[in-house]
Amino acid sequence: MQQYKQEWFGNIRGDILAGIVVCLALFPEVIGFMIVAGVPPIVGVYATFFITAIAAFFGSSKGMISAAAGSVALVLAHLVAEYGIQYLFAATILAGILQVALGFLKVGTLMRYIPKPVMTGFVNGLGIMMFTSQLDHFRGSLLLPLLGLLGIAIIFLFPRVTKKIPAPIVAILVITAIVLGFGLDVKTLGDMGSISTDLPRFGIPAVPMKLETLRIIFPTALSVAIVGLVESLLTAQLVDEITEEKSDKNQETLSQGLGNVVSGFFGGIAGCGMIGQTIINLNYGGLGRLATFLSGFFMLLSVVLLNGSVVQIPVVALAAVMVVVSIETINWDSIKRLRTNPKNESFAMILTVAIVIGTHNLAYGVVAGTLVSAVFAAFKMSHLHVATGTADDDHHYKVDGHLYFASAEKFLDFFAEEIEQEEEIVIDISAMTLWDSTAVEAIDKLITRNNKRGVKTTLTGANTQSSALFKRISIHTEK
């Protein structure tokens with residue numbers, strides 16, 4: 001309890017200021033995503049409040065921001081267009097239930113199998129995608145890029161004056177004051193869509209309670225659960241690297257699922273980890289659970305009590321904040337190291353970036369990069385080195401490497417050459433590990449073939465894993 005209390009109230013000032021910055025950065029993203037999904041902006045606001053609140057209380061990754069996200073909105077858009085918003089709420093609840101189930105199955109542990117180059121490519125792709133997604137907000141007139149550059153300059157230069165007030169807040173206030181003071185005609189949050197001031201209410205989705213409804217929503221709910229979970233866990237992994245702390249990915253999975261269930265019952269859309277806003281939170285001092293909670297709480301509070309002021313914020317001011325975040329998100333050192341890193345790692349990173357940018361789907365890039373890295377690893381592990389030598393009158397061989405389905409053929413090919421008729425050949429496998437049934441089958445084939453030629457095959461030095469696997473499934477009794 002003492003640690004939990006520290007996580008909530010150990011960084012009050014920093015968490016409050018970071019919560020305000022994140023709240024402002026969430027507005028254009030959430031409203032824009034709701035337009036894509038074909039639902040009122042308030043649906044995203046409700047979702048952001050409940051999902052951040054659940055993450056703050058039950059999540060494992062401190063400082064992580066979860067909210068109504070674009071990837072999830074895209075998946076749900078077709079369901080809304082064809083069946084209506086009530087089916088969206090039902091799909092959101094089902095997606096949350098599926099995520100809770102996956103949490104109990106401990107799928108979060110799979111994150112350890114994502115290679116570092118893929119994570120780096122994921123972050124770089126995200127940074128580039130964030131940057132390009134903001135460019136439209138600077139187009140339309142010469143005034144927009146000028147205001148955007150002013151906001152970026154304030155964010156970079158104001159910390160030299162003082163760091164007590166987050167620079168993004170100053171930039172947003174200055175640009176808003178200029179726009180309102182001179183009556184400039186620029187796009188504001190209010191122009192993106194009308195935001196209701198009603199408080200959320202509990203309600204069961206108004207859909208028929210029958211199997212046909214399940215048939216309609218299940219495919220979409222499953223997609224939402226998987227896409228949302230991948231992005232959430234990747235965000236948690238990134239937070240771990242930045243904060244040098246380790247979070248429980250299974251607990252995070254349960255938290256994300258619970259957040260979506262609650263969101264659906266209170267008229268919200270499904271959500272997941274928001275990497276850009278998470279980076280903003282960490283960069284501006286949001287290190288505790290309080291910052292996560294306040295980011296969503298401030299958003300709901302703003303639309304209910306300060307709606308008239310919030311809708312007047314120029315979108316270009318918020319876009320300037322996101323441009324700076326995108327620049328800071330990219331791992332520039334990884335680009336410098338492309339020539340010095342192993343070629344397979346550089347290729348995996350570049351491939352991840354390319355697919356993320358090309359598909360606008362972070363999950364696709366990570367899956368592709370991980371698969372390519374696995375292929376490279378399998379190819380590297382398939383190399384076997386066989387040293388030969390003669391001791392007394394027997395042929396001795398020492399094999400170094402990994403014997404499994406990818407290297408079994410090479411192993412047999414080496415010993416396929418005609419062996420002189422000796423009474424016995426000795427194969428030292430102390431530096432080799434048997435990994436699967438194909439490896440044992442290769443050993444069996446060699447022993448059987450040599451037996452037919454009257455040559456006894458003796459294996460020596462097997463490690464515990466290799467010996468246990470061989471004894472369990474080999475057709476030969478002599479070891």
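Modeller: Start with accessibility. A residue is buried under 20% relative accessible area, exposed over 50%, and partly exposed in between, using a 1.4 Å probe and protein chains only. Next, the ground rules. This is a predicted model, in which local features need pLDDT of at least 70 and side-chain atom pairs count only at pLDDT 80 or more, while totals for chains, interfaces and linings use all residues. Residues are numbered from 1 along each chain as its sequence is written, and side-chain values use heavy atoms, with hydrogens and water left out.

Colleague: How do I read a salt bridge, and what does the count come to by this rule?

Modeller: Side chains of opposite charge can pair when their charged atoms come close. The rule asks for a side-chain nitrogen of Lys or Arg within 4 Å of a carboxyl oxygen of Asp or Glu. The count here is 8 salt bridges. One of them joins Arg 139 to Asp 136, at 2.3 Å from N to O. Asp 136 is exposed, at 54% relative accessibility.

Colleague: Which helix holds both Lys 445 and Glu 441?

Modeller: First, the term. Helices (H or I, at least four residues) and strands (E, at least two) are DSSP runs, numbered from the N terminus. Helix H20, residues 437–452, holds both residues. They sit 4 residues apart, about one turn of the helix. Lys 445 is partly exposed at 45%, and Glu 441 is partly exposed at 41%. Elsewhere, salt bridges that share partners join Glu 7, Lys 62, Glu 245 and Arg 289 into one network.

Colleague: Which residue forms a salt bridge with Lys 62?

Modeller: Glu 245 does, with the closest N and O atoms 2.9 Å apart. This pair links distant parts of the chain, 183 residues apart. Lys 62 is in the loop between helix H3 (41–58) and strand E1 (66–67), and Glu 245 is in the loop between H10 and H11. Glu 245 is partly exposed, at 42% relative accessibility.

Colleague: What does Leu 76 touch?

Modeller: Contact means heavy atoms within 4.5 Å. Leaving out residues up to four places away in sequence, the partners of Leu 76 include Leu 88, Val 224 and Ile 269.

Colleague: Which helices do the buried residues of H7 pack against?

Modeller: They pack against helix H8 (167–182) and helix H15 (315–329). The buried residues of H7 are Leu 144, Leu 147, Gly 148, Gly 151, Ile 152, Ile 154 and Ile 155. Down the axis of H7, they fall within an arc of 160°, so they line one face of the helix. That arc is taken from the directions from the helix axis to the C-beta atoms.

Colleague: And how many residues of helix H12 are buried?

Modeller: In helix H12 (residues 275–283), 8 of the 9 residues are buried, so the helix is largely enclosed by the rest of the structure. Among them are Gln 277 and Asn 281. Gly 285 follows H12 and has a positive phi, near 95°.

Colleague: What is the phi of Glu 244, and where does this residue lie?

Modeller: Most residues other than glycine have a negative phi. Glu 244 is not a glycine, yet its phi is positive, about 60°. Glu 244 lies in the loop between helix H10 (211–243) and helix H11 (249–265). Its relative accessible area is 73%, so Glu 244 is exposed. Lys 106 also has a positive phi of about 60°. Lys 106 is in the loop between helix H5 (85–104) and helix H6 (116–134).
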